[in-house]
Protein chains: 2
Amino acid sequence: MSIESAIPPHLTTDRTRTRRIPDDYAPPYPSFVARPAPSVKQVVMAYFGVQGAAEPATFPGPDGPGHVEYARGEDLIATAYWDDPAAFDRWFAAHRAEWLGDAVREPGVGRWVEILRPTVEAHETLFSSLGRPEGVAVLADEFSGPVQEHAYWGGMRDRIPLSQTDPMAAAGGLALEHDGGRVRVRPQHGLCLIRSGQDWADTDGEERELYLRDVEPVLRAGMDYLRDEGSAIGCYSNRYVTVLEDGAPVDRSYGLSWWRSLDALERWAESHPTHVAIFGAAMKYLTTVGPAARVRLYHEVSVATADEQYFEYVDCRPGTGLLAAFE
Amino acid sequence: MSIESAIPPHLTTDRTRTRRIPDDYAPPYPSFVARPAPSVKQVVMAYFGVQGAAEPATFPGPDGPGHVEYARGEDLIATAYWDDPAAFDRWFAAHRAEWLGDAVREPGVGRWVEILRPTVEAHETLFSSLGRPEGVAVLADEFSGPVQEHAYWGGMRDRIPLSQTDPMAAAGGLALEHDGGRVRVRPQHGLCLIRSGQDWADTDGEERELYLRDVEPVLRAGMDYLRDEGSAIGCYSNRYVTVLEDGAPVDRSYGLSWWRSLDALERWAESHPTHVAIFGAAMKYLTTVGPAARVRLYHEVSVATADEQYFEYVDCRPGTGLLAAFE
């Protein structure tokens, strides 16, 4: 297969900013990106979380999401994806109160939503293998062939079409609006969200042991660091969650992290001891197992303007989600 | 101290290429660069190596180098630095035959020179601390204050003034010219040289043990990899040498590596398991020891056009220096 740019032709523009790699760069192993239909301009990623003994969110039609997933960390999270923001707006106008309204508040239960609607120009995905899309990529038409912009630091930025012309800098900061137990977080220009996942369902024997014994604990330590101490380096919130199918945990997990900026995420990934340790452990694992490695890795990364964000927390524990940025 | 760019004002130009970092980037710890006088346009780094029972090179005046150092790896190496290429040309014309001429050839002795004369636009240095310059930096007038472009992948490139406008891509390849036991290596546009050193003379106790037990062996393994298998990833030659003072080894070492391109060096540094291991070990060491760490680190990196290179090997072992690229 010949190599292609992660940026699709219809989003390719005259550059005012340079990629990190030369035109003849050849990545050492293949990776792939989701290819939404060119008609898709903007996607909606809506995280609906619940705390306490309550049911997870559901998404009845019309105008319901194209894809829904469930996961559990400290909270039970339903994640819904739309590739039509207008449909989402109609849906949310009709159903917001069923999740966040005063009428559904009950003792011991907290509910929240964290919603991002990045344009396709300000968003990228990356998958280590084909055939099992997760997250927003499930909405996509198809996948790319092997792409050029990966396996180097800066590849994430270079895969985002907006990087051709824009530094994607953050500006301003988050702010809180309290109304009793209801808290809204005022958005911030340039906020960045990464969902970074791993799927070890296909592993067995020694490979499975290697992943669970040598990689996962290092990953968990990095996730704990971001959750507990991330605000010092621009990570507003980090959740490390296990994917649920039919309500039961499966061999898939992901980190869901809100960052002040793409930039802050880049800095942690490439130079913080906790991520260098994750990278080193993953590299050792892949070197040991070789090209036959069956762990699947993927991520989705978005940068958003302030009007592409919505955050609301009702009766939630202190430190839930973006509230952690104010602790 | 306020932060300054690694690129001095007199070499700052209108950019056509972007730095990797935003303008408000603040590195997590300080590093410094050598500041040659603005009158210096080009430097000469001349490595004179000898194999077998023979004396190292000497550099009698007039027109002699501004600084000379000695080191031992597989060969005994004298390194001489000039900041006036015309003076070097006069010196080398007068003294080349004393080192490489047929008249001084003797059984069991190999001699070589590897000479690079990068312009200041195509060259950079980085030091973790002030007060003990090594290598080409000894020629410099002074040192900078803390610079902005470091502690991220791509900082090396961003410190080279030419990166403002030029991708510094390699073109063509090296070639051999044999004449019996005398071999010249025809140069290659975009060749890259890095001298990357460490000085643990000031360490003692636990810190010294940490360096020698946990860091040095990992560094050595990476150096061995580059020496033995580097050609597959664009490293033409790697030497890991110990600095000599008055002929005796001291607690300072450096890696001296010739690369096909700056680009190939970047790729190894940021993603090859051997350097990720070095980086991880160094980071663990620095995290353990903290800001009081007394190991000093530095490097100098140059990219050169073909007419800024000269390589000659007389009666040398197979695989000496750049000859390794042809094995």
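The structure shown is a predicted model.

Figure 1. In chain A, the peptide bond that runs from Gly61(A) to Pro62(A) is cis, with omega near 0°. Pro62(A) belongs to the loop that lies between strand β2 (44-51) and strand β3 (67-72) of chain A. In chain B, Gly61(B) and Pro62(B) are likewise joined by a cis peptide bond, for which omega is about 0°, and Pro62(B) is placed in the loop between β2 (44-51) and β3 (67-72) of that chain.

Figure 2. The secondary structure of chain A comprises five helices and 14 strands, and its C-alpha atoms fill a box of roughly 60 × 50 × 40 Å along the principal axes. A compact globule of 327 residues would have a radius of gyration near 20 Å, and the 19 Å of chain A agrees with this. Of the 327 residues, 56% count as buried, while among the contacts between residues at least 6 apart in sequence, 78% join residues at least 24 apart. Chain A exposes about 13,700 Å², of which carbon and sulfur atoms supply 54%.

**Figure 3. Met168(A) has a positive phi in a loop of chain A.** The phi angle of Met168(A) is near 55°, a positive value in a residue that is not glycine. Met168(A) is found in the loop that lies between helix α2 (155-159) and strand β8 (175-179) of chain A. Because its relative accessible area is 3%, Met168(A) is buried, the cut-off for this being under 20%.

Figure 4. Thr274(A) lies in helix α5, which takes in residues 273-289 of chain A, and Thr274(A) counts as buried because its relative accessibility is 18%. When neighbours within four places in sequence are left aside, Thr274(A) is in contact with Gly222(A), Tyr225(A) and Trp268(A). The side chain of Thr274(A) also makes a polar contact of 2.8 Å with the side chain of His272(A).

**Figure 5. Glu106(B) and Arg111(B) are joined through their side chains.** Glu106(B) is placed in the loop between helix α1 (85-100) and strand β5 (110-116) of chain B, and at 34% relative accessibility this residue counts as partly exposed. Not counting residues up to four places away in sequence, Glu106(B) touches Ala54(B) and Arg111(B), and a polar contact of 3.0 Å joins the side chains of Glu106(B) and Arg111(B). Although Glu106(B) and Gly52(B) are 54 residues apart along the chain, their C-alpha atoms are separated by 9.9 Å.

**Figure 6. Asp315(B) has a positive phi after strand β14 of chain B.** Asp315(B) is not a glycine, yet its phi is positive, at about 60°. Asp315(B) lies in the segment that follows β14 (309-314) of chain B, and at 30% relative accessibility Asp315(B) counts as partly exposed.

How values were computed. Residues are numbered from 1 along each chain as its sequence is written. Chains are lettered from A and ligands numbered from 1 in the order in which they are written. This is a predicted model: local features need pLDDT of at least 70, side-chain atom pairs count only at pLDDT 80 or more; totals for chains, interfaces and linings use all residues. Side-chain values use heavy atoms; hydrogens and water are left out. Helices (H or I, at least four residues) and strands (E, at least two) are DSSP runs, numbered from the N terminus. The radius of gyration is taken over C-alpha atoms; the globule rule is 2.2 Å times the number of residues to the power 0.38. Buried means under 20% relative accessible area, exposed over 50%, partly exposed in between (1.4 Å probe, protein chains only). Contact means heavy atoms within 4.5 Å. Accessible areas come from the Shrake-Rupley method with a 1.4 Å probe; for residues, only the protein chains shown count as cover. A polar contact is a pair of N or O atoms within 3.5 Å; within protein, one must be able to donate a hydrogen and the other to accept it, and residues adjacent in sequence count only if both atoms are side-chain atoms.
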